[in-house]
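Subject: Structure handover

Hello,

Here is the structure we discussed, with my notes below it. Please read them with the model open.

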Amino acid sequence: MPPRKKRGAVPGNSSGYGAERVSDEFFGDPQEMPDWARPDPDEQDVDDDSVAADASAGTPSTATSGPLASAQVAGAEDGSPATVEELRASMERIMQSPAPPRKAEKKKRSAKRLSTAQRETEEPEELSDDQWREKARAILLRQLTASDKSAKQLKDKLLDKECPEAIADEVIERFIEVDLVDDQKFADAWVRARTRTRGLARQALKHELRSKGVDDEITQMALEQVDDADEEERARELARTKLRPASMGVDRAKALRRLVGMLGRKGYNGSMAFRVAREEWDARFGEH
């Protein structure tokens, strides 16, 4: 049987790391070792000389070499950890110490604080009426691009920007003339969206539109989109959704209180809320 060699031998290396590795893993007669696997005699002489020099200097031939040895020498010279235990202790101290803040984030926070302080101390900018009109138009266009708003909401935004009230009224009036601002369209769209997404009753919708500065007459016209039958059907849908968990059928009185409270917060009157809650609970869990 031919001599067995471990996998990992690198053919073609006549010297260096590959040759030494093959020679170490060769199990046959060294005289039968292929030429490419034999270590270079010159390199072997160099290694023998280095070992002899270490021995003459009193250094064991098994001393650590490479990066770790360099680190140990440097550590001995500058007082840094030279042993594994000292190195571990140093790493523990580094891990326990808080990380320093990033310079970029620190600079960003400092710039933000400086900008805020400057805005607070600066006097209101002096603009001519034409400049204020131009600035007001730009503000309104940005606001309307984001979402529809009532005339009062837009005026409040301009006043927050320290726009003169007379110019704010003038610019908003011009937007109304060109049909960019229309409280009636805003109210109609608001009622449709809030009844569909939130299931709000007319009373809650009326309160919301009033808080946005919409006239009561315009609000009433918008609420005509919703009748009593539609409102009750939405209340029942909300109650059915709330009654889906089986836990709502354990305590009828407690479940009814929760249903009535939920419907009341959405603007449904008490009599309708209690009737719908009772009927929907009975339909879901049976009469008791």
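A search of the whole structure, which is a predicted model, finds two aromatic pairs. Rings of Phe, Tyr and Trp (its six-membered ring) pair if their centres lie within 6.5 Å; planes under 30 degrees apart count as stacked, over 60 as edge-to-face and the rest as tilted. Phe186 and Trp190 form a tilted pair, 5.8 Å centre to centre with 35° between the planes. Both residues lie in helix 9 (residues 183-197), four residues apart, about one turn of the helix. Phe186 is buried, with a relative accessible area of 5%. Trp281 and Phe285 also form a tilted pair: 5.3 Å centre to centre, 45° between the planes. Trp281 and Phe285 are four residues apart in helix 14 (residues 270-285), so about one helical turn separates them. Trp281 is buried at 0% relative accessibility. Buried means under 20% relative accessible area, exposed over 50%, and partly exposed in between (1.4 Å probe, protein chains only).

A word on conventions. Residues are numbered from 1 along each chain as its sequence is written. In this predicted model, local features need pLDDT of at least 70, side-chain atom pairs count only at pLDDT 80 or more, and totals for chains, interfaces and linings use all residues; side-chain values use heavy atoms, with hydrogens and water left out.

Now the fold. The protein chain has 14 helices and zero strands. Helices (H or I, at least four residues) and strands (E, at least two) are DSSP runs, numbered from the N terminus. Buried residues make up 26% of the 288 residues in the protein chain.

Next, the charges. The whole structure holds 19 salt bridges. The criterion is a side-chain nitrogen of Lys or Arg within 4 Å of a carboxyl oxygen of Asp or Glu.

- Lys152 and Asp156 meet at 2.9 Å, N to O. Both lie in helix 7 (residues 151-160), four residues apart, about one turn of the helix. Lys152 is partly exposed at 40% relative accessible area, and Asp156 is partly exposed at 33%.
- Arg202 bridges to Asp228, with the closest N and O atoms 2.4 Å apart. This pair links distant parts of the chain: Arg202 is in helix 10 (residues 202-211), Asp228 in helix 12 (residues 228-242), 26 residues apart. Arg202 is partly exposed at 23% relative accessibility, whereas Asp228 is exposed at 53%.
- Arg236 bridges to Glu232, with the closest N and O atoms 3.1 Å apart. The two are four residues apart in helix 12, so about one helical turn separates them. Arg236 is buried at 13% relative accessible area, while Glu232 is partly exposed at 21%.

Arg236 and Glu232 also belong to a network of salt bridges, together with Glu233, Arg240, Arg275, Glu279 and Glu280.

Last, the surface. Lys242, Lys254, Arg257, Arg258 and Arg265 form a positive patch. Patches are made of residues with over 30% relative accessible area and no salt bridge; like charges are joined within 9 Å, nonpolar side chains (Val, Leu, Ile, Met, Phe, Trp, Tyr) within 5 Å. Helix 13 (residues 252-265) supplies the largest share of the positive patch, four residues. Lys254 lies in helix 13 and is partly exposed, with a relative accessible area of 45%.

Best wishes

Note on methods:
Accessible areas come from the Shrake-Rupley method with a 1.4 Å probe; for residues, only the protein chains shown count as cover. Lys and Arg count as positive and Asp and Glu as negative; His and the chain ends are not counted. The place of a charge is taken as NZ of Lys, CZ of Arg, CG of Asp or CD of Glu.
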